[in-house]
There are 2 protein chains.
Amino acid sequence: MQGITGQELSSKKAEYLKYIHMQGDVVKTTEIAACFSVAPSTVTKALTEIAKAGYIEHTPYHGVSLTPHGAEYARFLIRRHRLVALILSRHGLEPEEACREARKIEQCFSKDLTDRMCTSLGHPMMSVCGEIEHDHRCCGSHGDRS
Amino acid sequence: MQGITGQELSSKKAEYLKYIHMQGDVVKTTEIAACFSVAPSTVTKALTEIAKAGYIEHTPYHGVSLTPHGAEYARFLIRRHRLVALILSRHGLEPEEACREARKIEQCFSKDLTDRMCTSLGHPMMSVCGEIEHDHRCCGSHGDRS
DNA sequence: TCAAAGTTTGGTAGGTATCTAAATTTTTCT
DNA sequence: AGAAAAATTTAGATACCTACCAAACTTTGA
């Protein structure tokens with residue numbers, strides 16, 4: 001919970017987790033494979049590891065769903081993505097480009113760095129690719145750091 | 001020359017190249033190994049590959065030196081590093097932190113993205129960790145794109 | 001129930017980085 | 001010069017990451 005560094009998952013796995021979060025409920029392996037254009041077995045392997053790390057519940061042949069921890073982590077990943085995209089858009093990139101480039105670089109940004117940039121930007125509500133959710137203790141936005 | 005993408009070298013190799021550039025002349029394997037706290041053999045292997053890619057001249061048992069191409073590439077790497085650090089410093093990080101964090105994320109920034117951010121920042125002369133050199137055609141700063 | 005669809009297992013492959021130990025070359029010192 | 005010491009390279013391993021395929025397996029739905 002409080003121990004997020006932002007590098008727990010490889011970038012591909014993080015992408016899978018974000019995708020699962022955005023799909024909501026139970027997600028099938030094949031669906032993910034199709035979306036990312038990789039073989040289903042590649043996804044299964046990644047999913048198994050993500051499950052082992054505690055972010056998802058994997059019921060073979062039925063799909064995966066987020067654990068509470070996974071949901072929290074996914075929210076962080078999405079917030080980070082949107083913050084990075086926002087910063088890029090403020091440096092001359094068109095919205096779509098900003099979102100695309102953000103996907104390439106976001107995995108390098110630690111939780112701490114993300115939170116500090118968030119603060120520095122004044123906890124913006126909107127990015128170029130969606131709303132930015134600022135939950136409770138996300139980055140001191142609501143002063144409950146005690 | 002014109003084909004820099006920014007991802008030609010892995011981040012470790014890029015660090016070595018920057019180091020070699022900053023040391024000037026001929027650099028010894030052991031010196032690099034000590035600086036990065038890795039075994040000399042690790043450096044030798046990396047150096048061999050960097051040399052194969054044409055960025056350095058490696059004379060076994062005597063050290064390495066930059067080729068003209070390597071020098072140009074190193075200048076890009078350093079400019080990119082300083083631009084990224086500058087941006088981070090403008091988002092609430094102290095100079096030293098900005099430099100340290102920049103080292104972690106800079107390898108993700110393409111040449112194109114770097115140039116655009118450079119333009120957007122108005123081709124700044126100074127960053128938090130040194131001057132930023134804007135050579136001839138670096139990013140359209142001197143209008144000689146033809 | 002049985003075939004098609006979907007999923008997992010196990011093996012292969014390429015990339016990065018690292019280390020230890022042994023062999024080689026260079027340097028230093030007597 | 002010659003030998004010991006230091007520096008460097010090579011070889012052989014390990015360890016991760018990503019990705020893929022073929023074959024075996026499970027589920028689903030007609």
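**Note on helix packing and selected residues**

1. Helix 2 of chain A is followed by A:S37, a residue whose phi is positive, near 55°. The model under review is a predicted one. A:S37 sits in the loop that joins helix 2 and helix 3 of chain A. The positive phi of about 55° occurs here although A:S37 is not a glycine. Is A:S37 buried or exposed? Its relative accessibility is 64%, and A:S37 therefore counts as exposed, the cut-off for that word being over 50%.

2. Helix 2 of chain A spans residues 29–36, and within it A:T29, A:I32 and A:A33 are buried. Why do these residues share a side of the helix? They cover an arc of only 100° around the axis, and for that reason they lie on the same side of helix 2 of chain A. The general rule is that an α-helix has 3.6 residues a turn, so residues three or four places apart point the same way. On the other side of helix 2 of chain A, the exposed residues are A:T30 and A:A34. The cover over the buried residues of helix 2 of chain A includes helix 1 (11–23) and helix 3 (40–52) of chain A.

3. How do helix 2 and helix 3 of chain A cross? Their axes come within 8 Å, and the crossing angle is roughly 115°. Because of this angle, helix 2 of chain A is roughly perpendicular to helix 3 of chain A. The crossing of helix 2 of chain A past helix 3 of chain A is right-handed. From helix 2 of chain A, the contact is made by A:T29, A:I32 and A:A33, and from helix 3 of chain A by A:P40, A:V43, A:T44 and A:L47. The residues of this contact between helix 2 and helix 3 of chain A comprise five nonpolar, two polar and no charged. The student may note that A:T29, A:I32 and A:A33, which take part in this contact, are also the residues described above as buried.

4. Chain B has a corresponding pair to examine. Helix 2 (residues 29–36) and helix 3 (residues 40–52) of chain B have axes 8 Å apart and pack at an angle of about 115°. Helix 2 of chain B and helix 3 of chain B are therefore roughly perpendicular to each other. Their crossing is right-handed. On the side of helix 2 of chain B, the residues that meet helix 3 of chain B are B:T29, B:I32 and B:A33; their partners are B:P40, B:V43, B:T44 and B:L47. Sorted by class, the contact of helix 2 with helix 3 of chain B has five nonpolar, two polar and no charged residues.

5. Helix 1 of chain A packs against helix 4 (residues 68–89) of chain A at an angle of about 105°, and the axes are 9 Å apart. Helix 1 and helix 4 of chain A are therefore roughly perpendicular to each other. Which residues meet here? Helix 1 of chain A contributes A:A14, A:L17, A:K18, A:H21 and A:M22, while helix 4 of chain A contributes A:G70, A:A71, A:Y73, A:A74, A:R75, A:L77, A:I78 and A:H81. The contact of helix 1 with helix 4 of chain A has eight nonpolar, three polar and two charged residues.

6. A:L88 belongs to helix 4 of chain A. With a relative accessible area of 3%, A:L88 is buried, since that word applies under 20%. Apart from its neighbours within four places in sequence, A:L88 is in contact with A:L93, A:A98, A:E101, A:A102, A:I105, B:L113 and B:M117. A:L88 and A:H69 are 19 residues apart in sequence, and their C-alpha atoms are 29 Å apart in space.

7. A:S89 is likewise placed in helix 4 of chain A. When neighbours within four places in sequence are set aside, A:S89 is in contact with A:A98 and A:V128. The C-alpha atoms of A:S89 and A:E101 are separated by 9.9 Å, the residues being twelve apart along the chain.

8. A:E96 is part of helix 5 (residues 95–105) of chain A. Its relative accessible area is 64%, and A:E96 is exposed. A:E96 and A:T5 are 91 residues apart along the chain, with 27 Å between their C-alpha atoms.

9. In chain B, B:Y61 has a positive phi of about 70° although it is not a glycine. B:Y61 lies in the loop between strand 1 (56–59) and strand 2 (63–66) of chain B. At 83% relative accessibility, B:Y61 counts as exposed.

Note on methods: Residues are numbered from 1 along each chain as its sequence is written. Chains are lettered from A and ligands numbered from 1 in the order in which they are written. This is a predicted model: local features need pLDDT of at least 70, side-chain atom pairs count only at pLDDT 80 or more; totals for chains, interfaces and linings use all residues. Side-chain values use heavy atoms; hydrogens and water are left out. Buried means under 20% relative accessible area, exposed over 50%, partly exposed in between (1.4 Å probe, protein chains only). Helices (H or I, at least four residues) and strands (E, at least two) are DSSP runs, numbered from the N terminus. The arc is that of the directions from the helix axis to the C-beta atoms. Contact means heavy atoms within 4.5 Å. Axes are lines fitted to C-alpha atoms, for helices over the stretch in contact, and angles run from 0 to 180 degrees between N-to-C directions. Angles under 35 degrees count as roughly parallel, over 145 as roughly antiparallel, 65 to 115 as roughly perpendicular and the rest as oblique. A crossing is left-handed if the near helix is turned anticlockwise from the far one by less than a right angle, and right-handed if clockwise. Ala, Val, Leu, Ile, Met, Phe, Trp, Tyr, Cys and Pro count as nonpolar, Asp, Glu, Lys and Arg as charged, and the others, Gly among them, as polar.
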